[in-house]
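Biologist: I would be grateful for a close look at one part of this molecule, followed by an account of its surroundings.

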Amino acid sequence: MSTSTALSPVYPLGSRLNERGRLEVGGCDVIELAREFGTPAFVVAEEDLRSRARAFVAAGRARHQDFQVVFASKAFPARAVLELFAQEGLWCDVASGGELHLALQAGFAAERIVLHGNAKSRAELATALRERVGLIVIDNLSELERLRELIADGALPPDRGPQSVLIRVAPGVSGDTHQKISTGQSRSKFGFSMLDAPAAIEAVQSVDGLALVGLHAHIGSQLLELPPFAESAAALAGLGAFPVYDLGGGLGVAYTADQHPPSIEDYVAANVQALHDHAGTNARLLIEPGRSLVANGCVTLYTVESLKRNVDLWVAVDGGMSDNLRPMLYDARYEAEVADRFGGEAACVLAGKHCESGDVIVRHAHLDDPRPGDIVVTPATGAYGHAMANNYNGVPRPPVIFCRDGEARVVVRRETYDDLQARDVR
Ligand code: PLP
């Protein structure tokens, strides 16, 4: 057994190894949690999410008078997470009718909701107009035409004035990230190119019932450097003076101890400075963090089911690509530990249970003498984990457990085998 007990900084704030050498998240011993709630399970330190939300808000409000943090709900669309951020005064970014429904159900006032999407349906737009969301972010001319028709058909509630909208622009800026989550380049599927943006601005301004209040850009996700955000703001400001600039999300996080993202404060400061440099100090600034609000506040617990040695030592657990698609989608790297024996040195592959050779959670793991029955933890799984979870191989999706001051509560229950058939028509 290793003597090392250092906890990587990628674990939720307030996590520690307790006197028994077991990981504690939100004051809860994760071995106890695994016993009580089963595995796989997403375990969230509630205070971690709150403190990151407060850090974003404080950093913005200290530097800019009209600043608003909009949670990108796609990152962790669980009701309890949405409710928590609504309580913290955040707004909510939704990218579909389903996410809009979840945000409304979780208590976000409609005027605090920003609707995105590059393929919004007529029904989604009609709901947004009827509910009178705060902002619709127009992505393309087909959508504009659809809005024009809906308004002509009376979809806008009477006596409430025009619907506020932004135009999404691909500012021709791409940060250093995986190409599948890079969105700011001129060939992006999202938004108007810089070339097309001036005509789009004119077109939107010509539609009765719409009030163009500003511009939006989201250049990509998991960005670990700040200069692209300033370039993006400069590009937007170059398209004209508006009351609102929405600079999107994208701040990267550390999945492993060797990654060093900018701090929340530095990221917000860079966005504010860019706005001040290029668009002055009076406009409203919106930012839309998703990943950086929720990734590090959550860990996933697994149980080791089998061991196998060929060229490698394979440690196979009871989850995998059904609860964490990111390794398969983006070759994402994670850390792993045996939850009550941190600091192990046995080189191994932490594999999932699914029928795909690519279903590997951590290719180069180091675990302490792993054995069937061990609880293994992977940190930084709060963003796009629960969100992208699926039922491949008939594996029920895991529960989400909120932990705070040593108290645990299930906020999303584990799926059952019956749930797997809930939509089948007999
Ligand atoms: N805003 C928009 C429009 C997005 O598309 C996304 C992510 O895809 C986000 C915000 C959130 O990005 P992140 O989770 O990287 O902060």
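At what angle do helix α4 and helix α5 pack, and how many Å apart are their axes?

Modeller: The model is predicted. In it, helix α4 (residues 97–105) packs with helix α5 (residues 122–131) at an angle of about 30 degrees, and their axes are 9 Å apart. Angles under 35 degrees count as roughly parallel, and α4 and α5 are therefore roughly parallel to each other. On the α4 side, the contact involves Gly97, Leu100 and Leu104; on the α5 side, Ala123, Glu124, Thr127, Ala128 and Glu131 take part. Sorted by class, the contact of α4 with α5 has four nonpolar, two polar and two charged residues.

Next come the strands. Strand β8 (residues 135–138) pairs with β9 in the parallel sense over three bridges, and Val137 stands opposite Leu166 in β9. Strand β9 (residues 163–170) is largely enclosed by the rest of the structure, because seven of its eight residues are buried.

Leu195 is found in the loop between β10 (192–193) and α7 (197–205). With 9 other C-beta atoms within 10 Å, Leu195 is exposed, because a residue counts as exposed if that number is 12 or fewer.

Strand β19 (residues 375–379) is mostly covered, with five of its five residues buried. In a regular strand the side chains alternate between the two faces of the sheet. In β19, Ile375, Val377 and Pro379 point one way, whereas Val376 and Thr378 point the other way. Residues pointing in either direction are buried.

Strand β19 has pairing partners that include β14 and β16. Strand β14 (residues 298–309) runs antiparallel to β19 and is joined to it by five bridges; Thr300 stands opposite Thr378 in β19. Strand β16 (residues 337–338) is likewise antiparallel to β19, with two bridges joining them, and the bridge partner of Glu337 in β19 is Val377.

Finally, there is the ligand. Of the 15 residues around the ligand, Ala72, Ser221, Gly249, Gly290 and Arg291 come nearest. By class, the shell around the ligand divides into four nonpolar, eight polar and three charged residues.

Terms used: Residues numbered from 1 in each chain as written. Predicted model: local features only at pLDDT ≥ 70, side-chain atom pairs only at ≥ 80, totals over all residues. Helix = DSSP H or I, 4+ residues; strand = E, 2+ residues; numbered from the N terminus. Buried ≥ 20, exposed ≤ 12 C-beta atoms within 10 Å, placed from the backbone. Near = placed C-beta within 6 Å. Nonpolar A, V, L, I, M, F, W, Y, C, P; charged D, E, K, R; others polar. Axes fitted to C-alpha atoms, helices over the stretch in contact; angles between N-to-C directions. Parallel < 35°, antiparallel > 145°, perpendicular 65-115°, else oblique. Contact = placed C-beta atoms within 7 Å. Pairing = 2+ DSSP bridges.
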